[in-house]
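Have a look at the sequence and structure first, then work through the points below.

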Amino acid sequence: MLGQVVNILAFQPWFIFTRMILHLLRVSNAASPLLLEEYLATRAYFDEVTIRHEYSLLLQAKFRLLGARAQQTILNFIARGPNRNAVG
């Protein structure tokens with residue numbers, strides 16, 4: 001069910017829907033590690049200023065549920081710092 005909702009919201013063109021996805025992933029116990037990784041281990045989401053609040057809350061709440069590879073990817077994002085060329 002959560003996956004279906006996320007799929008519907010993901011096709012919307014505005015970041016408010018991405019913010020909703022990140023919120024739902026954070027508050028739901030039904031979020032699979034793969035779905036969490038799809039959003040947390042994607043550099044574009046890490047860099048996007050308009051979703052930073054929800055992204056950071058999700059990261060804080062669910063980082064421990066990610067696989068080691070996804071965790072390392074995120075730690076590398078942090079070590080490299082923000083993409084200064086990202087629009088946002």
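Helices here are DSSP runs (H or I, at least four residues; strands are E runs of at least two), numbered from the N terminus, and the expected span of a helix is 1.5 Å times one less than its number of residues. This is a predicted model, where local features need pLDDT of at least 70, side-chain atom pairs count only at pLDDT 80 or more, and totals for chains, interfaces and linings use all residues. Residues are numbered from 1 along each chain as its sequence is written, and side-chain values use heavy atoms, with hydrogens and water left out.

**Helix α6: length and sides**

- Helix α6 takes in residues 68–80, and its 13 residues should span 18 Å at 1.5 Å a residue; the end C-alpha atoms are 18 Å apart, so the two agree.
- Which residues of α6 are buried? They are A70, Q71, I74 and F77, where buried means under 20% relative accessible area, exposed means over 50%, and partly exposed is in between (1.4 Å probe, protein chains only).
- Just after α6 comes G81, with a positive phi of about 80°.

- F77 lies in helix α6 and is buried, with a relative accessible area of 4%.
- Not counting residues up to four places away in sequence, F77 touches L40, A41, T42, R43, F46 and Y55; contact means heavy atoms within 4.5 Å.
- F77 and F11 are 66 residues apart along the chain, and their C-alpha atoms are separated by 25 Å.
- T73 is also placed in helix α6, but T73 counts as partly exposed, at 25% relative accessibility.

**Helix α5 and its partners**

- In α5, the buried residues are E54, Y55, L58, L59 and K62.
- Seen down the axis of α5, these buried residues fall within an arc of 135°, so they line one face of the helix.
- H53 and Q60 are exposed on the other side of α5.
- What do the buried residues of α5 pack against? Their partners are α2, α3, α4 and α6.
- The axes of α2 (residues 15–27) and α5 come within 9 Å and cross at roughly 20°; axes are lines fitted to C-alpha atoms, for helices over the stretch in contact, and angles run from 0 to 180 degrees between N-to-C directions.
- That makes α2 and α5 roughly parallel to each other (angles under 35 degrees count as roughly parallel, over 145 as roughly antiparallel, 65 to 115 as roughly perpendicular and the rest as oblique).
- On the α2 side of this pairing, R19, L22, L25 and R26 meet E54, Y55, L57, L58, A61 and K62 in α5.
- The axes of α3 and α5 come within 11 Å and cross at roughly 140°, so α3 and α5 are oblique to each other.
- Where α3 and α5 meet, L36, Y39 and L40 in α3 contact Y55, L58, L59 and K62 in α5.

- Helix α1 (residues 2–10) has L2, V6 and L9 buried.
- Those three cover an arc of only 65° around the axis, which puts them on the same side of α1.
- Q4 and I8 are exposed on the other side of α1, and the cover over its buried residues includes α2 and α3.
- P33 is in helix α3 and is partly exposed, with a relative accessible area of 43%.
- P33 touches L65 and L66, leaving aside residues up to four places away in sequence.
- P33 and L66 are 33 residues apart in sequence and 5.7 Å apart in space, C-alpha to C-alpha.

Definitions and conventions:
The arc is that of the directions from the helix axis to the C-beta atoms.
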